[in-house]
Amino acid sequence: MITIFFILFFLILAILYLAKNRARAMQTNRFLNTFGIGIGIFVIGAIIALFQPFTLERVDAGHVGIKVNLTGDNRGVSKFEYKTGWVVYNTWLAKLYEFPTFQQHIDYPEQSVITKGGFSATIKPSFNYSLKPGDVGDMFQNLRLDVKSIEQQWLQTAIVGTVNDVANKWPVDDIFNQREKFEGDIIAEANRRVSKWFIISQLRTNITPPQALQQSIEAKTKAIQEVQVAENQKLVAIAEGEKRIAQARADSAALVIQAAGEAESIRRKQVSLNQNYIDYLKVQKWDGKLPQVQSGSNGLLFQIK
């Protein structure tokens, strides 16, 4: 932007020179010389604009700008200034670095780690991080890198090293059976190591075991599931059996009660059936006609008293 400003400045300067000296040049027949001088002013200005060391940059919101002097002790690393907004600086004597303070997401390539017991596994870490704004200057003094270089060098080494060290303490079965806790331990350890400048969150290892180990884990998981299914079936069978027993007991009790009721009914009927009552029933059912065939003295089936 400053280069454009310089070019425009010298262009305007050349135009003003030509406008001011055009009339006198026409009178003295020196128009070409005057025109040449105007063009020369513009060309010299353009050369100066192209090679001048000043530049104008803007530190966006959500970023911290660090203006570092390139001269002095330790190549100026001990001399830096925090900058915001528009910044003008001499690129021969200083350099401006921008560091984002909002959350950034990173996906690292596949790496190999060793779990407890010597098993190898593959990880592909992904996570979010944010910088601590007040410690950006200290970080730059120590690492002397821009943020992208830090991501791919120092931070990657720290994260992969953390995953490897934590994995060394975990049996491979527990890693896959308790992955959430495993990754929680990694986040805690990573923050302990990089908390001077970074805050790590949402870390996922995306860990995968070797093919042979994966098959073993799958077989073990399947066996556990089959045992659980068998146990559930056993419990169901026991419950069904107890249900049938209870039903049988209920049916048996009902039959006993029914039989007792019928026995009591018969007993009471037997008590109430005396001879007079039986004769009375016979009379009630007789139509008054004598049978065609008779036996006995008077032919009656019962005596009327």
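1. Start with glutamate 151, which is found in helix H4. Helices here are DSSP runs of H or I with at least four residues, strands are runs of E with at least two, and both are numbered from the N terminus. Glutamate 151 is buried, with a relative accessible area of 6%. Buried means under 20% relative accessible area, exposed means over 50%, and partly exposed lies in between (1.4 Å probe, protein chains only). The side chain of glutamate 151 makes a polar contact with the side chain of tyrosine 129, at 2.5 Å. A polar contact is a pair of N or O atoms within 3.5 Å; within protein, one must be able to donate a hydrogen and the other to accept it, and residues adjacent in sequence count only if both atoms are side-chain atoms. Neighbours within four places in sequence aside, glutamate 151 is in contact with Ile106, Tyr108, Tyr129 and Gln156. Contact means heavy atoms within 4.5 Å.

2. A word on the basis. This is a predicted model, in which local features need pLDDT of at least 70 and side-chain atom pairs count only at pLDDT 80 or more, while totals for chains, interfaces and linings use all residues. Residues are numbered from 1 along each chain as its sequence is written, and side-chain values use heavy atoms, with hydrogens and water left out.

3. In S9, tyrosine 129 is the bridge partner of glutamine 104. The open sheet has three strands in the order S6-S9-S10, with antiparallel pairing. Its edge strands are S6 (104-107) and S10 (198-204), and each pairs on one side only. The twist averages 25° from one strand to the next. Axes are lines fitted to C-alpha atoms, for helices over the stretch in contact, and angles run from 0 to 180 degrees between N-to-C directions. Two strands pair if DSSP finds at least two bridges between them.

4. Now the bridges of that sheet. S6 and S9 run antiparallel and are joined by four bridges. S9 (residues 126-131) and S10 pair in the antiparallel sense over five bridges. Leucine 131 stands opposite phenylalanine 198 in S10. Serine 130 stands opposite isoleucine 199 in S10.

5. How many residues of S9 are buried? Six of its six are. Ser126, Asn128 and Ser130 lie on one side, with Phe127, Tyr129 and Leu131 on the other, and both faces are covered. In a regular strand the side chains alternate between the two faces of the sheet.

6. The largest nonpolar core has 39 residues, of which Phe99, Phe127, Tyr129, Leu155, Ile159, Phe198 and Ile200 touch the most other members. Helix H4 (residues 147-167) gives the most to this core, with eight residues. A nonpolar core is a set of buried Ala, Val, Leu, Ile, Met, Phe, Trp, Tyr and Cys residues joined through side-chain atoms within 4.5 Å. A second, separate core of five residues includes Val59, Val87, Tyr89 and Ala94.

7. Helix H6 (residues 179-194) has 16 residues, which at 1.5 Å a residue should span 22 Å; its end C-alpha atoms are 22 Å apart, so the two agree. The expected span is 1.5 Å times one less than the number of residues. Phe182, Glu183, Ile186, Ile187, Glu189, Ala190 and Val194 are buried in H6. The buried residues of H6 pack against H4, helix H5 (172-177) and S10.

8. Compare two threonines. Threonine 205 sits in the loop between S10 and H7. Threonine 205 is buried, at 0% relative accessible area. Its contacts, leaving out residues up to four places away in sequence, are Ile123, Lys124, Pro125, Val163, Phe182, Glu183 and Ile186. Threonine 221 is in helix H7 (residues 211-272). Threonine 221 counts as partly exposed, at 32% relative accessibility. Threonine 221 and asparagine 177 are 44 residues apart in sequence and 9.7 Å apart in space, C-alpha to C-alpha.

9. There is another open sheet to check, with three strands in the order S3-S2-S5 and antiparallel pairing. Strands S3 (80-83) and S5 (94-100) stand at the edges with a single partner strand each, so one side of each is left without a neighbour in the sheet. Four bridges join S2 (residues 63-69) to S3, and the two run antiparallel. Lysine 67 has glutamate 81 in S3 as its bridge partner.
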